[in-house]
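User: I am new to this entry and would like to go through it step by step. Please show it first.

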There are 2 protein chains.
Amino acid sequence: MIKLNFSKLDGLVPAIVQDYQTGEVLMLAFMNEKAWQKTLETGLAHYYSRTRQTLWQKGSSSGHVQRVKEIYVDCDNDTVLLKVGQVGRAACHTGYRSCFYRRVEGETLVVVGEKVFDPEEVYGK
Amino acid sequence: MIKLNFSKLDGLVPAIVQDYQTGEVLMLAFMNEKAWQKTLETGLAHYYSRTRQTLWQKGSSSGHVQRVKEIYVDCDNDTVLLKVGQVGRAACHTGYRSCFYRRVEGETLVVVGEKVFDPEEVYGK
């Protein structure tokens, strides 16, 4: 298994997630060593949830899994870039395609992203 | 100034840096509140160096500054995405265009990125 440097962020590395077809950045998540291992083994994106303090397969409750097409490692071995096929078209739990659906315009955030599902229908109320 | 949540990573937020024309992910860096403020004020990317523990304007020694074209904020207000014009064509101190110049192929990392400068010529030996 390719070795990453998990020491800089208390056992985690950031993972940038990009749509492999459009290049759109979908989200940022964190991986611990187990999540990295599971991602390599299964070809499905796994992360570590800092709030729930647990390993997490992206899409396990929503069905919106991420099929990993390519993985890049940065110059310091402490960040990875995943190019994924996003099942269900949305990476964000808010229902937007990308977590980065708001753009800074002066002093405000303007919603510019595309909403592709209703969170209540997917996760319940 | 747009408020971000700096509390999750000891006063920092990750900043994903993407070429605004090609969509290529160039690097990941971290910002403290001061770096965020300076980036908004100047339109040039500023970060916080965790190793040097100091505010840092990208390109201040190499001349390879990043002109910020658009900024996106994620759903949790704890990560930003900068779309930049990369002066000098290279974001990585190794001389590669992107820090993510190596791709995972099985058990090895294969260099696939484009090298656009010689670090010794830019930074000295």
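User: Which residue stands opposite Thr108(A) in β8(A)?

Analyst: This is a predicted model, where local features need pLDDT of at least 70, side-chain atom pairs count only at pLDDT 80 or more, and totals for chains, interfaces and linings use all residues. Residues are numbered from 1 along each chain as its sequence is written, with chains lettered from A and ligands numbered from 1 in the order in which they are written. Strand β7 (residues 102-105) of chain A pairs with β8(A) in the antiparallel sense over four bridges; strands pair if DSSP finds at least two bridges between them. Opposite Thr108(A) stands Glu105(A).

User: Which are the edge strands of the open sheet?

Analyst: The sheet has six strands in the order β8(A)-β7(A)-β5(B)-β6(B)-β1(B)-β2(B), with mixed pairing. Strands are DSSP runs of E, at least two residues, and helices are runs of H or I, at least four, numbered from the N terminus. Each edge strand pairs on one side only: β8 (108-111) of chain A and β2 (25-31) of chain B.

User: What radius of gyration does chain A have?

Analyst: The radius is taken over C-alpha atoms, and the globule rule is 2.2 Å times the number of residues to the power 0.38. With 125 residues, a compact globule would be near 14 Å, and chain A agrees with that at 15 Å.

User: How many helices and strands does chain A have?

Analyst: Along the sequence, chain A follows the pattern β-β-α-β-β-β-β-β-β-α. That gives two helices and eight strands.
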